[in-house]
Amino acid sequence: MIATETRPATRLSPLVAGIRSAMEIQADWAETAQLVAEELRRHLPAPDVLTAAQRLGSPDDYCAHNLHVEPDGSFSIIALVWRPGQITRIHDHVTWCVFGVIQGVEHEELFDADCNLIGRSENRVGDISGFAPPGDIHRVHNTGEQTAISIHVYGTDVTRIGSSARRYYD
């Protein structure tokens with residue numbers, strides 16, 4: 001028998017309130033991403049924001065777990081779980097994005113509009129990053145030996161549109 005664990009929504013209440021406050025400023029996307037990054041830095045949850053089963057991930061591909069969707073659709077909070085070796089395609093986004101690592105290490109590669117590699121970073125537990133289109137073309141993968149987990153905040157309801165990716169680059 002598989003035990004089903006649930007997590008109370010109140011666990012994210014300080015983060016959700018902080019994001020709401022940041023969005024009330026009605027800044028452009030780049031500034032909003034920075035304001036939301038400050039809130040995520042202040043209120044980055046621990047891995048136990050996910051159930052033990054969710055933290056395992058999937059052997060097939062990285063997993064996304066919806067943690068919060070703002071009722072008006074203005075933002076979503078998603079947890080991504082990456083087993084070792086899992087990778088995204090090179091992509092950009094439909095809106096601003098902020099992410100913070102809560103377990104493991106995520107390797108990120110940044111690209112210019114012609115898909116030339118322009119930067120790399122190793123994002124470790126507690127690292128926070130935010131960006132907005134244009135200039136948001138990247139690929140993320142887990143190059144470590146431990147499952148990696150990150151919290152992503154997007155400036156839209158990604159459950160409604162199906163993905164945060166605007167385009168994929170092959």
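**Fold, salt bridges and local geometry of the predicted chain**

The chain has 4 helices and 10 strands, where helices (H or I, at least four residues) and strands (E, at least two) are DSSP runs, numbered from the N terminus. The model described here is predicted, so local features need pLDDT of at least 70 and side-chain atom pairs count only at pLDDT 80 or more, while totals for chains, interfaces and linings use all residues. Residues are numbered from 1 along each chain as its sequence is written, and side-chain values use heavy atoms, with hydrogens and water left out.

Read from the N terminus, the order of elements is α-α-α-β-β-β-β-β-β-β-β-β-α-β. Along the principal axes, the C-alpha atoms fill a box of roughly 50 × 40 × 30 Å. The radius of gyration, taken over C-alpha atoms, is 15 Å, which agrees with the value near 15 Å for a compact globule of 170 residues; the globule rule behind that value is 2.2 Å times the number of residues to the power 0.38. Of the 170 residues in the chain, 46% are buried. Here buried means under 20% relative accessible area, exposed means over 50%, and partly exposed covers what lies in between (1.4 Å probe, protein chains only).

Contacts, meaning heavy atoms within 4.5 Å, show how the sequence is brought together. Among those between residues at least 6 apart in sequence, 77% join residues at least 24 apart. The chain exposes about 8,700 Å², and carbon and sulfur atoms supply 49% of this area; accessible areas come from the Shrake-Rupley method with a 1.4 Å probe, and for residues only the protein chains shown count as cover. As for charge, the chain carries 14 positive and 23 negative charges, whose mean positions are 4 Å apart. In this tally Lys and Arg count as positive and Asp and Glu as negative, with His and the chain ends not counted, and each charge is placed at NZ of Lys, CZ of Arg, CG of Asp or CD of Glu.

Salt bridges come next, a salt bridge being a side-chain nitrogen of Lys or Arg within 4 Å of a carboxyl oxygen of Asp or Glu. By this rule the count comes to 5 salt bridges. One of them pairs the side chains of Asp48 and Arg11, with an N to O distance of 3.0 Å. Asp48 sits in the loop between α2 (29–43) and α3 (52–56) and Arg11 in the segment before α1 (13–24), so this pair ties together parts that are 37 residues apart in sequence. Asp48 is partly exposed at 36% relative accessibility, and Arg11 is partly exposed at 36%.

Another salt bridge joins Arg20 to Glu70 at 2.6 Å, N to O. Because Arg20 lies in helix α1 and Glu70 in the loop between β1 (63–69) and β2 (76–82), the pair ties together parts that are 50 residues apart in sequence. Arg20 is partly exposed, at 37% relative accessibility, whereas Glu70 is buried, at 9%.

Glu109 belongs to strand β5 (residues 105–111) and Arg139 to strand β8 (residues 138–141), so the link ties together parts that are 30 residues apart in sequence. Glu109 is buried at 9% relative accessibility, while Arg139 is partly exposed at 23%. Through shared partners, salt bridges join Glu109, Arg120 and Arg139 into one network.

A few individual residues round out the picture. His93, found in strand β3 (residues 90–93), is buried with a relative accessible area of 2%. The C-alpha atoms of His93 and Asp136 are separated by 6.8 Å, although the two residues are 43 apart along the chain. Arg42, in helix α2, is exposed at 53% relative accessibility. Arg42 and Pro14 are 28 residues apart in sequence, with a C-alpha to C-alpha distance of 9.0 Å.

Most residues other than glycine have a negative phi. Gln26, however, has a positive phi near 55 degrees; Gln26 is found in the loop between α1 and α2 and is exposed, at 71% relative accessibility. Cys115 likewise has a positive phi, of about 65 degrees. Cys115 lies in the loop between β5 and β6 (117–124) and is partly exposed, with a relative accessible area of 29%.
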